[in-house]
Every structure is written in structure tokens, then in C-alpha cells.
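Dear colleague,

Please find the structure below, followed by a summary of what was found in it.

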Amino acid sequence: MGFLTGAALAVCGSSYQGIFKNPMADPYILGISSGAALGAAIGIVLNASGNIAGLSGTTMLAFAGALLTVFLVYTISRTGRKVPIASLILSGIAVNQSLSAFMSLIMLFNQQSMDQIMFWTMGSLNGKGWTQILIILPYVVLGIFLLMTSARELDIMLLGEDTAVQLGVNVEAVKKKVLVVSSIVTAAVVSATGIIGFVGLLVPHVVRLFTGPKHRILMPVSLVFGGTFLILCDTAARSLITQEIPVGIITAACGGPFFLYLLWKSRRGGAAGMKEEMLKIQEVTAGYGEKKVLKGISLSIRQGEFVSLIGSNGAGKSTLLKCVSGLLSTEGGQILLCGRNSRKLKPKERARLAAVVPQSYAVEYAFTAEDVVAMGRYPYQSFWKTGDPGRSGDPSAGHGRYQYTGIPEPALQ
């Protein structure tokens, strides 16, 4: 049960983060946790201890509450045939808070049941057996399979919905599929185990650091990592002290600080320059003849940064780019590309370090697109070998024919 729950929450979390294009999204973002908790609270207060097909009345009410919440959020957010992501998030937050308020009222007027309700909301695998596992197993297995079939579409949708539509993706259909399937899987798991937080948020984020953002790899690795993570947390919950601790407390206790550490590490890495300084301009002066356009300009760009030069016509934006790319000589100061003085670089060496895409590009003869792209590989080619070197970085390691994969990228673009 621990592995199924962790795997389901991790895969659903990665799917939600893909749909919402936000690494902070988790399976509970649409109010599933509050809906399930409200349903469970009602079941506990009404003493719904009946058993149908191995499921208690409380479990069934929690499942129904979770699904009704998602349906409500989806209905509120829908605009015509489209469901804007921003509306989904805002509706989820609003419904989540409203349902939490109702649950608080139930606890206030039924204090004799407060301990049971609180224990359920903490999440626990205690008392779960093969009956519950066999009931939620079809939801988890089929749901994860359906989500993985949308991996490629989720990758493309990260480029933006407009781009995805232009590439042939039925964006709204993919949204509905991912939201409905993820909601059903999450509702099934939560109704059986209670609310186990941080797994769906933390695991995909950590896995993405090692596998990258591709969902075809991210989802299966998150499945294994999430299941293993929850097993370890449950083992700790049963072993730390004589009384068993709800596993949701352990996941929050482990996940919260670790997540903060990752954020701190990423910020610290950014402050430290993300490994190295790619471009450094020091007191550069340049112009055309007697007209000085740049006077004492300094600029530093580190790895991983995106920088825009903004200014009115004649401010010197193009002049600065010409100096960096070697089209215009500087009259003072220096420009460092990956720590190397650009004045001392040969043309091919400079081209390997910096790539430039001009505003306009005129091709006078009928070259094919492949021919033009292959011309861009000139810095890596020699007279005898004109193929692409792959990622080996060896300009002499040609393959004969230009290939579109495995191209070494210049350090600065």
C-alpha cells in the first residue's frame, strides 16, 4: 500500500506540474485533499462504519468528496470549451479554503470526533490490508498507464498552449484527460490512506534534477522513487518510537526541510554564478570613427542567465553585440568569453564560444535548409572533414553527413 500510494502521488504530481507548468503544483492543488477530508469527516461524525466491497463508509464518502470537489472546480473554471489554467488554480484555492472552513465547523460542533478526524487528515497506512490494496490497484495501474501515454503531449505543452496547438496537440483534450485521470487516482489513494502530503510535490521536483524535464523518463522514475520514499517514511513512522506516528507527519517532516534545502542550494548556485561567468565586458569603449557610441560599458552574464538589452534607437545595443561577436573592434576595455580575452581569439575559436542570430539573413542562391544549417557548423569543420563532430568536442571527428542530433552548442548564444 505504501508503494502504491507513493507511486500514484508522485506520478500524479509530475502530471499536474506539467499541465500547470509549475514545479510547485501537487495532486492536491484542485482541492482534492479538502474534499476528501470533508467527506471523511462527515463519515466519521455519522459513524458510517458499514462495509461495502471491503470499503468503509468513511472511505467511500472521502472518495466521493474528492471527486465532487474536482468536478466543482472544473465546472467553475470552464469558459466555453476551454479551461484556463489560471482559473483552475484560483478556483482550486477558493474551493479548498471553503471546504476547509466547513470541515472546521464540523470539528467544532463534534469535538468527540475531533481526534479521529485529525488522525485521518494526517495520513496513515495503519490497518490497511490486501482488501484495500486490491480495490485501489486498478485505479492506480490503469491511471498511471493513461498518464504515461500523454508524456509527449505534456512535454510539448510546456512550450505553451498556442505552440502545442500549432504542432497538432489537442490541448483541451489532454488537459481533461490528465486532470480527470490524476484526480481519480489521487482520490482513490487518499480515500484509503488519508492525506499524505509532500510526496506529489517533492518527488517529481527532486527526480527532475537528475532526469531532466522529459515526462517519458520523469514519470517512471518518479513512480519508483515515490513508492520507495513512502515505504522508507512509513518504516520510520513505525520504528522511531513505541507509538506509531502517522506517515503524513514523517513525509512533511522530511520533505519540508529537504525541499527548502533544494531551494536554498539552487539560489546559492545562482548567486555563485552557476559554475562560471560566460561573458564579461569591462569598461568597453567603441564607436565608428570619431563618434563614440559606447563609453565605459561593463556587463557580466553567468551560465544559465537570460539577458535582454533594452534601449531606444541609437543607444548602442547593436554596437555592443558587434563588439562581442567580433564585427567591431573595441577602443578601450576588454571582453572576456568564458574567461578568454576575445581579442586574442581566432575567428573559429570565437565562433565556438559565441553564436549570433541576426535579425535578417539573405540567402542569394537555392541552398537547402540542411545546407544552410551545415554552414553554421563551419567552426567545427576542416577542409578534409566536414561532418558534425557530435558532442565529443573534437572538431576533427566528422561523420561525413550533417546530423541534427548531438550538436555541441556554443557557450554563449
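Does Thr193 count as buried or exposed? Thr193 counts as buried, at 4% relative accessibility; here buried means under 20% relative accessible area, exposed over 50%, and partly exposed in between, with a 1.4 Å probe and protein chains only. The model is a predicted one, in which local features need pLDDT of at least 70 and side-chain atom pairs count only at pLDDT 80 or more, while totals for chains, interfaces and linings use all residues. Residues are numbered from 1 along each chain as its sequence is written, and side-chain values use heavy atoms, with hydrogens and water left out.

Thr193 belongs to helix α9 (residues 171-193); helices (H or I, at least four residues) and strands (E, at least two) are DSSP runs, numbered from the N terminus. Apart from neighbours within four places in sequence, Thr193 has contacts (heavy atoms within 4.5 Å) with Met1, Thr5, Gly123, Ser124, Leu125 and Lys128.

Salt bridges

Six salt bridges are found in a search of the whole structure, each being a side-chain nitrogen of Lys or Arg within 4 Å of a carboxyl oxygen of Asp or Glu. One of them joins Glu161 to Lys175, with 2.9 Å between the closest N and O atoms. This pair links distant parts of the chain, since Glu161 is in helix α8 (residues 161-166) and Lys175 in helix α9, 14 residues apart. Glu161 is partly exposed at 26% relative accessible area, whereas Lys175 is buried at 2%. Glu161, Glu172 and Lys175 are linked in a network of salt bridges.

Arg238 and Asp234 also meet in a salt bridge, at 2.8 Å from N to O. Both lie in helix α11 (residues 215-239), four residues apart, about one turn of the helix. Arg238 is partly exposed at 40%, and Asp234 is buried at 11%.

Aromatic rings and nonpolar cores

The structure holds two aromatic pairs. Tyr16 and Phe20 form a stacked pair, 5.8 Å centre to centre with 15° between the planes. Rings of Phe, Tyr and Trp (its six-membered ring) pair if their centres lie within 6.5 Å; planes under 30 degrees apart count as stacked, over 60 as edge-to-face and the rest as tilted. Both residues lie in helix α1 (residues 2-20), four residues apart, and both are buried.

Tyr16 and Phe20 are also among the residues that touch the most other members of the largest nonpolar core, which has 75 residues; the others are Leu30, Leu88 and Trp120. Such a core is a set of buried Ala, Val, Leu, Ile, Met, Phe, Trp, Tyr and Cys residues joined through side-chain atoms within 4.5 Å. A second, separate core of 15 residues includes Leu320, Cys323, Leu328 and Leu353.

Two charges sit over rings, by the rule that NZ of Lys or CZ of Arg is within 6 Å of the ring centre and within 35 degrees of the ring normal. Lys348 lies over the face of Tyr378, 4.5 Å from the ring centre, and the charged end of Arg352 sits over the ring of Tyr380, 5.9 Å from its centre.

Cysteines

With a disulfide taken as a pair of cysteine sulfur atoms within 2.5 Å, the count comes to zero. The sulfur of Cys254 is too far for a bond because the closest cysteine sulfur, in Cys233, is 4.7 Å away. Cys254 is partly exposed at 39% relative accessibility, whereas Cys12 is buried at 0%.

Yours sincerely
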